[in-house]
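Me: I'm new to reading protein structures, and I'd like a close look at one part of this one. Could you walk me through its sheet?

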Amino acid sequence: MKQALALAWQGQYSAKPNPSVGCVIVKNGELVGEGWHKQAGQPHAEVNALVDAGSNAIGATAYVTLEPCSHTGRTGPCAVALLEAKISRVVIAMKDPNPLVAGEGIEILKAAGVELAVGLLEAEARELNKSFCLRMQTAKPFVFSKVAMSLDGRTAMASGESKWITGAEARCDVHHLRAGSCAVLTGVATVLADDPELTARDGVEGLVVQPVRIVLDSALKTPVTAKIIGEQGGCSILTISDDVAKRKALEAKGCVVIKLPSHKGRVDLQAAFDWLAEQNLNSVMVEAGNTLNGALLAAGFLDELEMYIAPCIMGNQAKGAFSLPTLDKMADRKMLSLNNSKQLGDDLRLSYTIIKP
């Protein structure tokens with residue numbers, strides 16, 4: 001199962017919004033086939049492993065990191081494929097939280113007399129697909145914000161200058177976070193100040209499905225020359241503007257412009273996140289300034305924080321990480337729970353779960 005999980009991790013940048021799944025087939029104590037799910041619409045891990053095993057699959061044991069699917073989508077049901085290959089035993093790390101499966105794959109195998117074991121290395125399998133699991137269970141994406149800041153909690157100088165707070169290793173790590181995300185969300189203020197691409201590039205190898213870029217842009221200020229739009233489009237802009245000329249100019253560059261309800265003259269955040277929930281996104285990575293980060297934190301839309309802390313001091317005139325003007329009592333502070341830490345060169349990455357009331 002450890003080998004199956006290692007294979008599954010190879011799909012972390014490309015299988016989205018499908019889960020990352022690995023499968024290993026063993027016969028008489030020897031590995032005879034292995035496979036992983038590479039991309040949505042392509043064969044699942046079990047099918048790839050069965051092809052690799054060929055006739056050796058007859059009477060063999062399949063180790064799979066997620067319950068074999070039971071329905072026909074863009075590919076056929078893997079539970080049936082295992083039966084047709086005459087697999088005699090299936091070891092499953094975790095049940096599929098997808099309501100379309102939800103135990104049906106296990107029942108198909110059980111009804112056919114296949115020996116089953118469920119729960120081997122389940123915690124590791126769940127961590128591998130935690131954003132997929134959350135979406136299946138709540139119909140909402142897993143949302144986290146990445147913040148690069150100084151030791152005194154500053155993210156940009158008063159002038160807006162912010163490149164670069166952290167070193168090369170930390171910035172490379174951010175590209176890996178993007179590669180594993182279904183979407184990257186930012187605000188138009190960040191687009192205008194930094195002109196970021198928000199794609200996965202530096203140090204990211206293998207098959208990568210680039211994240212969708214999404215801009216909260218109430219007045220359609222995004223320039224048609226902005227790097228975030230890219231040559232191939234792939235950028236969605238959420239707005240309240242009725243400016244037809246700006247809309248058409250952005251759409252001509254390949255953008256998808258979505259008009260949403262307003263709240264106090266800006267895109268209503270609840271409407272924006274309702275829209276996100278409809279897009280089949282497992283995870284949304286937020287890369288924004290302190291205003292949007294503060295608004296998302298205050299409204300409870302963030303699940304986790306990825307904090308990159310650089311060994312420098314930027315002073316009290318520099319901008320903080322979160323603008324929370326209504327927070328004035330200790331009782332109102334936002335509490336976090338540390339998941340893990342990692343040193344990246346001279347910088348430190350701290351991963352936190354946000355404790356919600």
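How many bridges join strand β8 to strand β14, and which way do the two run, parallel or antiparallel?

Reply: Happy to, and keep in mind that this is a predicted model. Strand β8 (residues 183–187) and strand β14 (residues 283–286) are joined by 3 bridges, and they run parallel. To see one spot in that pairing, find Leu-185, which stands opposite Val-286 in β14.

Now zoom out to the whole sheet. That pair belongs to an open sheet of 9 strands, and if you read across it the order is β11-β10-β9-β8-β14-β6-β15-β18-β17, with mixed pairing. The edges are taken by β11 (256–259) and β17, and each has a single partner strand, so one side of each is left without a neighbour in the sheet. Going from one strand to the next, the twist averages 20 degrees.

There's also a helix lying against this sheet. Helix α10 (residues 269–277) packs on it and touches β6, β8, β9 (212–216), β10 (235–239), β11 and β14. Compare the direction of α10 with that of β9 and you get an angle of about 165 degrees.

Next, hop from β14 over to β6. These two pair in the parallel sense over 4 bridges, and Phe-142 of β6 has Ser-283 as its bridge partner in β14. On to β15: 7 bridges join β6 to β15, and these two run parallel. Here, Ser-145 has Leu-305 in β15 as its bridge partner.

So how covered is β6? 9 of its 9 residues are buried. You can check this one face at a time: Phe-142, Phe-144, Lys-146, Ala-148 and Ser-150 are buried on one side, and Val-143, Ser-145, Val-147 and Met-149 are buried on the other.

Notes: Residues numbered from 1 in each chain as written. Predicted model: local features only at pLDDT ≥ 70, side-chain atom pairs only at ≥ 80, totals over all residues. Heavy atoms only, no water. Pairing = 2+ DSSP bridges. Axes fitted to C-alpha atoms, helices over the stretch in contact; angles between N-to-C directions. Contact = heavy atoms within 4.5 Å. Buried < 20%, exposed > 50% of the residue type's maximum accessible area, 1.4 Å probe, protein only.
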